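Please open the model in a viewer and keep the selection tool at hand.

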Amino acid sequence: MGRLIEHMKTLVKLDAFALGIMHFSNSFITSMASGKNMLKPGGGKYMRWKYGDVFYHKYGEGTPVVLLHHLHPAFSSYEWNEVIDDLSKNHTVYTVDLPGCGRSSKNRISYTNYFYVLFLTSFIKEVVRKKCTVIASGYSSSFAIMTATVDESLIGRIIAVNPYSIQRLMKSPTQKAKIASRLISLPVIGTSVYNMLQSRENINLSFTEEYMYNPFRSKSRYVDAFYEGAHFNEGKGKFLLASIQGNMMSVNLVNALRKIGDKLFILYGEKVDNIHTIVSTYEKYDPEIRSECIASAGLIPHMERSSAFMEAYENVLQK
């Protein structure tokens, strides 16, 4: 028994030492990620929301447009930097770091689609204060669509950029997904797992193999900004990632699409996997949808081919 106790003491010491090394490593990664200060606040402001402060910028003058980046902890309003100047020539443009992302609060909560519906509703009512157009990328298209059907007075039209498939959005939590979510949420070990998943190398790989059709259009500053966004606020973006991995963001868009009418427009990159099937499924439930393809582009055409994106944006509104 005495020897067993001694072995247990040794293991506890080793575990404590390992956890200490992990904690130091996690802090070092956070410091390194923000070293280039890619997400400097500039003229940005914070909306004081009951579930946490939300960082946003306001540009230009004219009819209001709200830009929503793809919902992922590495993404932020930086995603829209290449098209802000063009859009703000005729519009008042609002860019936000969604809760759980970028410079906004990253609370330890379960992030759900309804949570973001509440956020977007509050943001439009308290900051924009007018009926607006929403341009939403990827996952964010889903809660923009839900918001437009919950309160018809808030959104005049939605430009959905490469929206997720209806089937993917409907995925319910599985036991495996729940385990992955719990692992990422753990204090030190979970942060280490998150840091490995959101390493600069992995983010760079995502740009070259997933986000962009042409890997040579990726730029180091894009990777730097996404890397900083992922690790801003000591890696607490892991709580959003845990919710996404756990399929807590699931939503059924079918009824919303049947009600939304001619408010919805879709812009899509030509080289996105299964995108034609995705668009046709949306059109099945809402025959009034208008869509436009952006040639030689992937998941974030507004970064990869900003001029072509703006041309497609103008074309789809004129259809």
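Contact here means heavy atoms within 4.5 Å. Helices (H or I, at least four residues) and strands (E, at least two) are DSSP runs, numbered from the N terminus. The model is predicted, with local features requiring pLDDT of at least 70 and side-chain atom pairs counted only at pLDDT 80 or more, while totals for chains, interfaces and linings use all residues. Residues are numbered from 1 along each chain as its sequence is written, and side-chain values use heavy atoms, with hydrogens and water left out.

**First stop: α3 and α4**

Select helix α3 (residues 113-128) together with helix α4 (residues 140-150); they pack at an angle of about 60 degrees, with axes 9 Å apart. Axes are lines fitted to C-alpha atoms, for helices over the stretch in contact, and angles run from 0 to 180 degrees between N-to-C directions. The crossing of α3 and α4 is right-handed, that is, the near helix is turned clockwise from the far one by less than a right angle. Display the side chains next: N113, Y116, V117, L120 and T121 of α3 meet S142, F143, A144, M146, T147 and V150 of α4. This contact of α3 with α4 comprises seven nonpolar, four polar and no charged residues. Ala, Val, Leu, Ile, Met, Phe, Trp, Tyr, Cys and Pro count as nonpolar, Asp, Glu, Lys and Arg as charged, and the others, Gly among them, as polar.

**Second stop: the sheet**

Now select the strands. Eight of them form an open sheet of mixed pairing, in the order β1-β2-β4-β3-β5-β6-β7-β8; two strands pair if DSSP finds at least two bridges between them. β1 (45-49) and β8 (290-294) are the edge strands, each with a single partner, so one side of each lacks a neighbour in the sheet. From one strand to the next, the twist averages 25 degrees.

Zoom in on β3 (residues 63-68) and β4 (residues 91-96), which pair in the parallel sense over six bridges. V66 has Y94 in β4 as its bridge partner.

**Last stop: α8 and α9**

Finally, select α8 (residues 200-211) and α9 (residues 220-231), whose axes come within 9 Å and cross at roughly 125 degrees. α8 passes α9 in a right-handed crossing. Eight nonpolar, two polar and two charged residues make up the contact of α8 with α9.
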